[in-house]
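Colleague: Let's go through this model piece by piece. Show me the sequence and structure first.

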Amino acid sequence: MLAAKTTLPLKSRHFFFSENSNGSAFLFHNSVPVNKFDAIKRCPRIKSSAQSITAPEILKDSTSAQIRVEILSEALPYIQKFRGKTIVVKYGGAAMTSEALQASVIADIVLLSCVGIRIVFVHGGGPEINQWLGKLGIKPNFLNGLRVTDASTMEIVSMVLIGKVNKNLVALINKAGGTAVGLSGIDGRLLIARPSPNASQLGFVGDIASIDPTSLQSLVENNHIPVIASVAADVTGQPYNINADTAAGELAAALSAEKLILLTDVAGILENRDDPGSLVKEVDIKGVKKMMEEGKIAGGMIPKVSCCVRSLAQGVRTASIIDGRLKHSLLLEILTGEGAGTMITG
């Protein structure tokens, strides 16, 4: 999603995504506004935006091909804006647990990389960690939303995030045609950790003391996709569990990223937390701080928003909290003017 002050021809169109039988994503548009329910009546194969969407039956092969070519042309200003720029994506939530959504995210990442956008992919893996703790008879414990991580739990966290989740994501990206390299914060001293202020209660849950992005810079400059597990070590080599949102935000700042994107299980920031239709499409730092003061942003959204604000204060151009439950939400956010959640600007 581009900032509102930028004028592009793409903004005047109404877009939707379609997938063919092999999972490839295509972007379609109508040149005039269409009520989505009317569109569904006229083209009964079109489903809601939260579901898989297919091209209308009335489109013949030649017409469909022409539309695809036109849409690629319409996307050119967005590709030109972001080509050669770094975008840090934090991957988690429903998009991580649903196979269909995971395939959608992987396809988006590979497509964006293919058009020259430098993607850095940061992940956690809470559900997978809980699953393996259960297999080993260890009960997960949380304090104020943070995992209490004793020595045995930290060992499982490292094994699951670095050895299983990370390598699985690398394999999926490579299978889809990208060139991914799996890392953790420990590799190349990428992230140096320090104990959190509540270490006596949380155990090996850490904050980020420093970042050395040298290894990432060489990877993205050579069209590789770094996939980073949110585990880091302190100066003594002791591993720590790092919040993945925090890791993504700090990495975005260190890399002078054009954009930070957090995939979540919510539509974005809501003006009214009880009204899903009150999505705030764009807000600046001043506005989002005011919303926090007024209690409109609360609970689990506070650390995500704070992470975005901190990255913006350190030079990241924009930060977005988007709905990872939507298929191809990354393409919607980056290659259209509509976006897929809330964009925060500096």
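**Helix pairs, sheet and single residues**

Colleague: Are α10 and α12 roughly parallel or roughly antiparallel?

Modeller: The axes of α10 (residues 244-254) and α12 come within 9 Å and cross at roughly 10°. Axes are lines fitted to C-alpha atoms, for helices over the stretch in contact, with angles from 0 to 180 degrees between N-to-C directions. Under 35 degrees counts as roughly parallel, over 145 as roughly antiparallel, 65 to 115 as roughly perpendicular and the rest as oblique. So the pair α10 and α12 is roughly parallel.

Colleague: What kind of model is this?

Modeller: Heavy atoms give the side-chain values, without hydrogens or water, and residue numbers start from 1 along each chain as its sequence is written. Local features need pLDDT of at least 70 and side-chain atom pairs 80 or more, while totals for chains, interfaces and linings use all residues; the model is predicted.

Colleague: How many charged residues are in the contact of α10 with α12?

Modeller: Contact means heavy atoms within 4.5 Å: Asp245, Thr246, Gly249 and Glu250 of α10 meet Lys304, Cys307, Arg310 and Ser311 of α12. Classes are nonpolar (Ala, Val, Leu, Ile, Met, Phe, Trp, Tyr, Cys, Pro), charged (Asp, Glu, Lys, Arg) and polar (the others, Gly among them). The count is 1 nonpolar, 3 polar and, for charged, 4.

Colleague: Is Lys304 buried or exposed?

Modeller: Lys304 lies in α12. Beyond four places in sequence, Lys304 contacts Lys90, Asp245, Leu262, Thr264 and Ile321. Buried means under 20% relative accessible area, exposed over 50%, partly exposed in between (1.4 Å probe, protein chains only). The area of Lys304 is 17%, so Lys304 is buried.

Colleague: How many nonpolar residues does the contact of α11 with α12 have?

Modeller: The axes of α11 (residues 285-293) and α12 (residues 301-313) come within 11 Å and cross at roughly 150°. That makes the two roughly antiparallel, and their crossing is left-handed. Ile285, Val288, Lys289 and Met292 in α11 meet Val305, Ser306, Val309 and Leu312 in α12. The tally is 1 polar, 1 charged and, for nonpolar, 6.

Colleague: What is the strand order in the open sheet?

Modeller: Helices (H or I, at least four residues) and strands (E, at least two) are DSSP runs, numbered from the N terminus. Two strands pair if DSSP finds at least two bridges between them. The open sheet has 8 strands, mixed pairing and the order β7-β10-β4-β3-β13-β15-β16-β14.

Colleague: Which strands stand at the edges?

Modeller: An edge strand here has a single partner, so one side is left without a neighbour in the sheet. Those strands are β7 (180-184) and β14 (282-284).

Colleague: How many residues of β7 are buried?

Modeller: β7 pairs with β10 in the parallel sense over 5 bridges. Leu183 stands opposite Ile228 in β10. β7 is largely enclosed by the rest of the structure, because its buried residues number 4 of the 5.

Colleague: What is the bridge partner of Val88 in β13?

Modeller: β3 (residues 86-91) and β13 (residues 259-264) pair in the parallel sense over 4 bridges. In β13, Val88 has as its partner Leu260.

Colleague: What is the relative accessible area of Asp284?

Modeller: Asp284 lies in β14. Beyond four places in sequence, Asp284 touches Ile344, Thr345 and Gly346. Asp284 is partly exposed, at 34%.

Terms used: A crossing is left-handed if the near helix is turned anticlockwise from the far one by less than a right angle, and right-handed if clockwise.
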